Amino acid sequence: MRKKVIILGSTGSIGRNALEVARKLSDRVEIVGLAAGSQSELLRQQCLEFNPRAFALWNASFQPEWFNEFSHSKGFWGPESLNALVEELDADIILVAIVGTAGLEPTLKAIEKGIHVALASKEILVMAGSVVMKRIREKNVQIIPVDSEHSAVFQCIRAEDRRSIRRIILTASGGPFRGYSIEKLKKVTVEEALNHPTWKMGKKITIDSASLFNKGLEMIEAHHLFSIPYSQIEVVIHPQSIIHSLVEFCDGSQLAQLSHSDMCLPIQFSFTFPERLPSPVRPLNLYEIGSLTFESPDHKCFPALNLSRFAGEAAGTYPCALNAANEVAVESFLDGKISFSEIWDCVRHVLDTHKQIKDPQLDEIIYADKMSRAAAREWIKKRVRL
């Protein structure tokens, strides 16, 4: 039988890659639900091709006329449409590929229904990792990471005793500004920051990769996914982006997952797990690659890793505050309101002034998210006036 799949974020880069995987695996995968933010026409084209049982457009102020074209598909629109989509559908797996926090509630609803989660939205575990993982365990649902780094770790440890893990090593390309000085980073333009040397991604995650906040968020995500303390999670700069992560065991052995930078690979693995199937991704030719290099991160010029480690170890609502502040700061940088280096300054300010809530419930996490965004916007407003 084909696996029934819901894709939240079908018009983004991960979602489009997931649909490419679904085309190649049409005998194994059935797309039963599609959801997009605001790209209405692209969602319409996807619905025409995949004929899902339901679809949603959550960042829409009105219902598009084309919703009535699909007599066999149920359409939802508006802020509550993601929750309604999940409630409507029976599925085997839901791919959560929404940038930001919009995917949290529908993910929890999917878990309650016993739907397995393929997670590409790291913000969900960053802001509410303790809540989500508790629900995962209670419902005996499988969570399969789709981020290339966490997918690599997941693949390396799937047959291992978790107690034998000494450390997880997440690799980072270093982004387009590897080796830049603090002064040079202050002058970075939006166009330069969006020019990632390895991956082709959406704007938010591309900026996060340039600032290294992407890797900071991944440390917090890894802590929750693999139940490992932050002291055993490290980051190494690996410009070639061939090794996607490594796991070191107590005997000194290290296992790594290597492949070309193509998100279709971890997406396909999440859809077919526990099986492996042939993939269209080009195999590695080690002779062509030649050499792989590694560097220590520059924590002074790129403080995102230290800020993220602080928030993660402080726990409670600190990771939520970190994520919220970063989202607001990145949006403001893209809008030309602050400089690239002020992304870190904004996040640091929000963390410095954050009022901690320990062991938060979901409503407290949502409240902390709201207040942290307000604090970040107020800081940015003052910077703009200066």
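Colleague: Why is Phe302 called buried?

Modeller: This is a predicted model, and every value is computed from it. Phe302 has a relative accessible area of 4%. Buried means under 20%, so Phe302 is buried. Phe302 is found in the loop between helix H12 (286–289) and helix H13 (304–314).

Colleague: Which residues is Phe302 in contact with, leaving aside its neighbours within four places in sequence?

Modeller: They are Phe177, Leu185, Ala210, Ser211, Leu212 and Trp344. Trp344 is 42 residues from Phe302 in sequence, and their C-alpha atoms are 8.2 Å apart. Phe302 and Trp344 also belong to one aromatic cluster, together with Phe177, Tyr180, Phe333 and Phe340.

Colleague: What lies over the face of Tyr180?

Modeller: Lys184 does, at 4.3 Å from the ring centre. The distance limit for a charge over a ring is 6 Å.

Colleague: Why is the pair of Phe55 and Phe67 called edge-to-face?

Modeller: A pair of aromatic rings is described by the distance of the centres and the angle of the planes. For Phe55 and Phe67 the centres are 4.9 Å apart and the planes stand at 75 degrees. Rings pair within 6.5 Å, and planes over 60 degrees apart count as edge-to-face; the pair is therefore edge-to-face. Phe55 is in strand E3 (residues 54–57), while Phe67 is in the loop between E3 and strand E4 (74–77), 12 residues apart.

Colleague: How do you know that Phe55 and Phe67 are buried?

Modeller: Phe55 has 0% relative accessibility and Phe67 has a relative accessible area of 5%. With the cut-off at under 20%, Phe55 counts as buried, and so does Phe67.

Colleague: How is the aromatic pair of Phe55 and Phe70 classed?

Modeller: That pair is edge-to-face as well, with 5.7 Å centre to centre and 70 degrees between the planes. Phe70 lies in the loop between E3 and E4, so the pair ties together parts that are 15 residues apart in sequence. At 10% relative accessibility, Phe70 counts as buried.

Colleague: What makes strand E9 (233–237) and strand E11 (254–258) edge strands?

Modeller: The open sheet has four strands in the order E9-E8-E10-E11, with mixed pairing. E9 and E11 each pair on one side only. Within the sheet, five bridges join E8 (residues 165–172) to E10 (residues 243–249), and these two strands run antiparallel.

Terms used:
Residues numbered from 1 in each chain as written. Predicted model: local features only at pLDDT ≥ 70, side-chain atom pairs only at ≥ 80, totals over all residues. Heavy atoms only, no water. Pairing = 2+ DSSP bridges. Buried < 20%, exposed > 50% of the residue type's maximum accessible area, 1.4 Å probe, protein only. Contact = heavy atoms within 4.5 Å. Phe/Tyr/Trp six-rings, centres within 6.5 Å; stacked < 30°, edge-to-face > 60°. Lys NZ or Arg CZ within 6 Å of the ring centre and 35° of its normal.
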